[in-house]
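We will go from stop to stop, picking residues as we go.

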Amino acid sequence: MPLIGLIPLVLLGAIAGLDVVSFPQAMISRPIAAATLAGALMGRPGHGLIAGAMLELFALETMPFGASRYPEWGSASVVGGALYASQPTGSAGALTIAVCAALLTAWAGTWTMVLHRRLIARWAAGLRDALTSGSGDAVITLQLRGLTSDAARAGLLTAIAFTAFVPLEHAILAHWSFTDVQSRVVLAILAGAVAGGAIWKIVHSTKGTPWFLLGGAAIGALLLGVT
């Protein structure tokens with residue numbers, strides 16, 4: 001992957017990472033969206049969509065409430081979608097490696113978000129007097145610092161992930177011994193187990209939810225039968 005080709009992906013990673021919390025929270029950071037966009041930049045939106053759909057199953061486990069710690073799926077999905085799209089169609093192990101790389105990036109992104117929150121807290125402490133007095137300039141300054149630094153955080157995370165995983169992906173694929181079918185089956189089972197656990201946590205504890213689940217499954221099955 002040439003350096004010039006990384007620039008659009010790093011920018012996309014910055015935007016997707018920014019969307020997770022700071023702005024605009026328009027669901028660009030959802031795996032199925034971010035990975036598809038990354039695949040499109042690589043000329044293979046279908047590959048990005050497949051990687052994003054697989055990552056979306058893992059992301060169902062995430063409950064991004066308040067100041068809780070959770071994976072940073074935006075930048076990670078850009079990495080996963082682009083890595084999978086960079087390999088030839090039918091390349092055994094490509095999807096598995098791309099998803100694993102995205103999961104590791106999402107985990108690392110958790111800690112970058114924690115550090116970013118601490119940085120904003122320090123900035124806010126330095127502007128406490130101005131904020132307490134109701135200074136609009138102080139509010140705008142803090143907002144702009146937070147947005148800019150979050151975009152820089154996500155872009156840097158994306159760049160580092162590509163730097164690490166592009167050569168690692170090639171090295172692993174050169175020695176991959178499992179077939180494409182075997183790799184996809186194992187990955188699908190793991191992703192399905194995580195998604196199933198996430199759904200069960202909601203279904204078994206919320207009144208009336210099982211009926212919505214059954215209704216959605218029935219409608220989905222009906223739509224599949226029609227198509």
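How many aromatic pairs are there by the ring rule? The count is one. Rings of Phe, Tyr and Trp (its six-membered ring) pair if their centres lie within 6.5 Å. Select Trp 176 and Phe 178: their ring centres are 6.1 Å apart and their planes meet at 65°, so the pair is edge-to-face (planes over 60 degrees apart; under 30 is stacked, the rest tilted). Trp 176 is partly exposed, at 26% relative accessibility (buried is under 20%, exposed over 50%, partly exposed in between, with a 1.4 Å probe and protein chains only).

This is a predicted model: local features need pLDDT of at least 70, side-chain atom pairs count only at pLDDT 80 or more, and totals for chains, interfaces and linings use all residues. Residues are numbered from 1 along each chain as its sequence is written, and side-chain values use heavy atoms, leaving out hydrogens and water.

Next, pick Trp 123 and Arg 145. Arg 145 sits over the face of Trp 123, 5.6 Å from the ring centre (the rule: NZ of Lys or CZ of Arg within 6 Å of the centre and within 35 degrees of the ring normal).

Now go to the largest nonpolar core, with 31 residues. Such a core is a set of buried Ala, Val, Leu, Ile, Met, Phe, Trp, Tyr and Cys residues joined through side-chain atoms within 4.5 Å. Select Leu 9, Val 78, Leu 83, Leu 95, Val 99 and Phe 162, which touch the most other members. Colour the helices next: those that each supply at least two core residues include α1 (3-21), α5 (94-126) and α7 (136-173).

Technical notes: Helix = DSSP H or I, 4+ residues; strand = E, 2+ residues; numbered from the N terminus.
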